[in-house]
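Here's a quick briefing for anyone meeting this structure for the first time. Have a look at the model, then read on.

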Amino acid sequence: MLVIDALGRKCPIPIIMLAERIREVPVGEIVAVLADDVAARTDVPAWCRMKSQDFVWEETLPRGGWGFHIRRCY
């Protein structure tokens, strides 16, 4: 699983990082984006819908922020 650490970065940087790096994992694998900008909670799922990627789940991180888990579909 690829983990993209975007903690401390404002949107749209987490989305840009995800878009640039999602091709590093094989189709069907999970990418986790760590972000603490509240806008990422809406932006990451919206990006997944726009790009036909599978938003799997969101978790709250113990030290603040969230982990967004995306399955690469193509």
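Phe-68 is buried, since its relative accessibility is 0%. Keep in mind that this is a predicted model.

**The aromatic pair**

- Searching the whole structure turns up one aromatic pair.
- Phe-55 belongs to strand β3 and Phe-68 to strand β4, so the pair links distant parts of the chain, 13 residues apart.
- While Phe-68 is buried at 0%, Phe-55 is partly exposed, with a relative accessible area of 25%.

**Helix α2: its length and its end**

- Helix α2 takes in residues 40-51, twelve residues in total.
- From first C-alpha to last, α2 reaches 16 Å, close to the expected 16 Å at 1.5 Å a residue.

- Ala-40, Val-44, Pro-45, Trp-47 and Cys-48 are the buried residues of α2.
- These residues sit on the same side of α2, because they cover an arc of only 155° around the axis.
- What lies over the buried residues of α2? The cover includes α1 (13-21), β2 (30-35), β3 (54-60) and β4 (66-71).
- On the face turned away from the buried side, α2 carries the exposed residues Thr-42, Arg-49 and Met-50.

Note on methods: Residues numbered from 1 in each chain as written. Predicted model: local features only at pLDDT ≥ 70, side-chain atom pairs only at ≥ 80, totals over all residues. Heavy atoms only, no water. Helix = DSSP H or I, 4+ residues; strand = E, 2+ residues; numbered from the N terminus. Expected span 1.5 Å × (residues − 1). Buried < 20%, exposed > 50% of the residue type's maximum accessible area, 1.4 Å probe, protein only. Arc of directions from axis to C-beta. Contact = heavy atoms within 4.5 Å. Phe/Tyr/Trp six-rings, centres within 6.5 Å; stacked < 30°, edge-to-face > 60°.
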